[in-house]
Protein chains: 2
Amino acid sequence: MQFQISNELIEKIQFLIETKKDEELKLHLDDIHHADIAEIVTELSQEDAIYLIKLLDSHKTAEAIMELEDSVRERILESLSAKEIANELVEMDTDDAADIINELSVELQQQVISEIDDEQHVEDIVELLRYDEDSAGGLMAKELVKVNENWSVVGCMTEMRAQAENVTRVHSIYVVDDKNRLKGRLSLKDLLTAHNNENIRDIYIPNVDYVTVHTEGEEVARIMRKYDLEAIPVIDEVKRLVGRITIDDIVDFIKDEADKDYQMAAGFSEDIEVDDNVFKQTRARLPWLLIGMFGGLGAASIISGFQGAMLTFPKLLLFVPLIQATAGNVGVQSSAIVVQGLANGTLKGNIIAKRLLKETSLAIVNGLCIAIIVFFISSFGFHTSYTESISIGVALISVILLAAVIGTIIPIVLDKNNIDPAVATGPFITTSNDVFGILTYFLIAKLILGF
Amino acid sequence: MQFQISNELIEKIQFLIETKKDEELKLHLDDIHHADIAEIVTELSQEDAIYLIKLLDSHKTAEAIMELEDSVRERILESLSAKEIANELVEMDTDDAADIINELSVELQQQVISEIDDEQHVEDIVELLRYDEDSAGGLMAKELVKVNENWSVVGCMTEMRAQAENVTRVHSIYVVDDKNRLKGRLSLKDLLTAHNNENIRDIYIPNVDYVTVHTEGEEVARIMRKYDLEAIPVIDEVKRLVGRITIDDIVDFIKDEADKDYQMAAGFSEDIEVDDNVFKQTRARLPWLLIGMFGGLGAASIISGFQGAMLTFPKLLLFVPLIQATAGNVGVQSSAIVVQGLANGTLKGNIIAKRLLKETSLAIVNGLCIAIIVFFISSFGFHTSYTESISIGVALISVILLAAVIGTIIPIVLDKNNIDPAVATGPFITTSNDVFGILTYFLIAKLILGF
């Protein structure tokens, strides 16, 4: 049943735009979901996309604009006037409108805001703009359904019907006192099963999860996930109900955070999208490549320091890539498990001691396996001497141990200093492990072979 | 306002268990959310945990058991009899009950099922067990609220109140015909604003998103995210409404998938949890380390093949770690962007050509930057000859180009062959880039220096 954008559909729409068959075009797109309209807009040329957006009802285009990729949306908004943008914002929920305004230049922001007619909407949007984008205040919408604890079920139903008209989806119904302070919630199920003559005060659930405007987005996500919430009310410093966050925004937030962590682990220093231009991608990629480069040059210095001895033991140089690869792989494994544990809140208590114990046991087991295999392959495949093979094996175990320890400690230390530990799984840890690994390799060889 | 488990609370509970103050214990835990009960259970000894679970009302413990980490749940279920497990399952939604049964041994499964009294519940669970765990059938619950298109709003309200009693949370209300075939949905908002004398047939929305029992979990997640759905109905082969999937399960699914991808990128060959024992973790980690090891040994063979020439150009060996690190870093960046684009559905059309063009331009820009820096540092810092510096620089650009091409093509090819492309960002791509990178380095040096 899913809608699939076909080339035929795009061609048909392009034809209708070209021949300016506006009514047919509207009819054609009427039944299509705004998320699908967004996909169609992405496929069209800039000119056609703008034509379509100006043609369609802003109730529909507003939601489609929210679904666009950031880069496409930026392009579209640049071609609209302040008044046209304002018309779209009027149709959006306050949180979406605030997000869009945040994407505009400061100058344009003021022009657009002054073009919005609905005063309450402007006031709500301006309030939301005050908060950090990744805080509960920045994630929340002002649209919600609330009832006063002093109302009766019948009176409440009438009032709620009016409020529900302005809310895209009704989640929990929040209960407030005369000063708008959050008292509790009324579940839709309770409402369906309540009798008309009951009072709100007698049927509401006083135990309600909430966050404050300053709660961080990650914490909001953790709470909503833990308690399986579909919406959570947001209160201000004096417990007044000021907004609510819905699960669809949190789903997007979780996905975005996961994508960011994945990119960070892959060595991008800023968020990028697949379509970003070469300049933006270079800005995100080059820093980590340069760190790797300096690591590589560091390794060159180390080898250079041992070059005299390498005339006597030239075969040791063959195994530098093996040492480096192993150190990198172990470091990433050890750090990834810590980073994930920290993110999911499953690491608790004296984690350094617990993790180090587990990681060192693992390093010894894995190190022994690899060292024994390499001992035999180097001896018989590469004809290294007995002592050379021994030093390679011992070096491998030591390097694996060291990499596991570094991989475990760095993310924990970063986390304690309020730096996102996910940074550690990038080329950062690989690079430091490369350098320390190669240094350890030569030092152990020096110790055993005595050069 | 969030509940925080304190050491005092755990000690207090341990004391109450020890002194068998059952009533006080129950009173103490009465107000605590089942997700928090799960956290408390995790902190207790096995014996205390079982005591607590047997003591508390199974309505509460059933939900707490669902929230436990897999390894803790496994331990707890092992200590419960078939009858005791059955008592917990009766209190669970059908999807959760089916998930638990899936975790039991085949023998225990049948014992537990035969101990459940509620025949409808058994029938529903057995139906769910038929589906693949990661398909819509495996993710859905049987609990839902549905109304017949032929009812009136008043009749429907009465019937819905009865149905709602059995459903944890009411999402959309589904509309079916006399043969239970899905016709559409009735939004709660519509219900709140509808007049009692209207007919369902006249107010329901015929346009409803749905999936079939065989739709893959990832596709369900994509659809629910795209259309901001909080629940989606699931139909069988003949369009009969057989269940629904709620967003809280999809949120967990998305988080689990992201965690899996992250682990795969970090080089784990199977899902692990931070608390898994050394044996299980070794099984997940060693395979990738061994692949890396064979890559390292491959690199050793390559260097060995050029060892004669290295007597004349010994300084070339200094830069092997730099070449290797750069190849690895570039490969991971290029593949990560493809893997993420494929997962998010933002890569479309002739992606190989488009991606290769972008990646090769990026490789040339990044490669030039790094090659120029290394040219000067190697010349002045390591006193390499002019031709040696030139070959190192040219090799760097070539290796970066090659790594970008490999990193781009491998995930696309894997995806086309229905293999999860996320595999490609692990040590797999790093290893092949290491080996190809070092080979390229020596071949280019051979060409330029003529050995």
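Q: What rotation and what shift along its axis superpose chain B on chain A?

A: Two copies of a chain are related by a rotation about an axis and a shift along it. This is a predicted model, in which local features need pLDDT of at least 70 and side-chain atom pairs count only at pLDDT 80 or more, while totals for chains, interfaces and linings use all residues. Residues are numbered from 1 along each chain as its sequence is written, and chains are lettered from A, with ligands numbered from 1, in the order in which they are written. Here a rotation of 180 degrees with a shift of 0.1 Å along its axis places chain B on chain A at an RMSD of 0.1 Å, by least squares on the C-alpha atoms of residues with pLDDT of at least 70 in both. The two copies are therefore related as by a two-fold rotation axis.

Q: How many residues does each chain bring to the contact?

A: Two residues are in contact if their C-beta atoms, placed from the backbone, lie within 7 Å. Chain A and chain B bring 89 residues each, and 99% of the contact residues of chain B recur in chain A, the same surface serving both copies. On the side of chain B that touches chain A, α17(B) gives the largest share, 16 residues, where helices are DSSP runs of H or I with at least four residues, numbered from the N terminus.

Note on methods. Helices (H or I, at least four residues) and strands (E, at least two) are DSSP runs, numbered from the N terminus.
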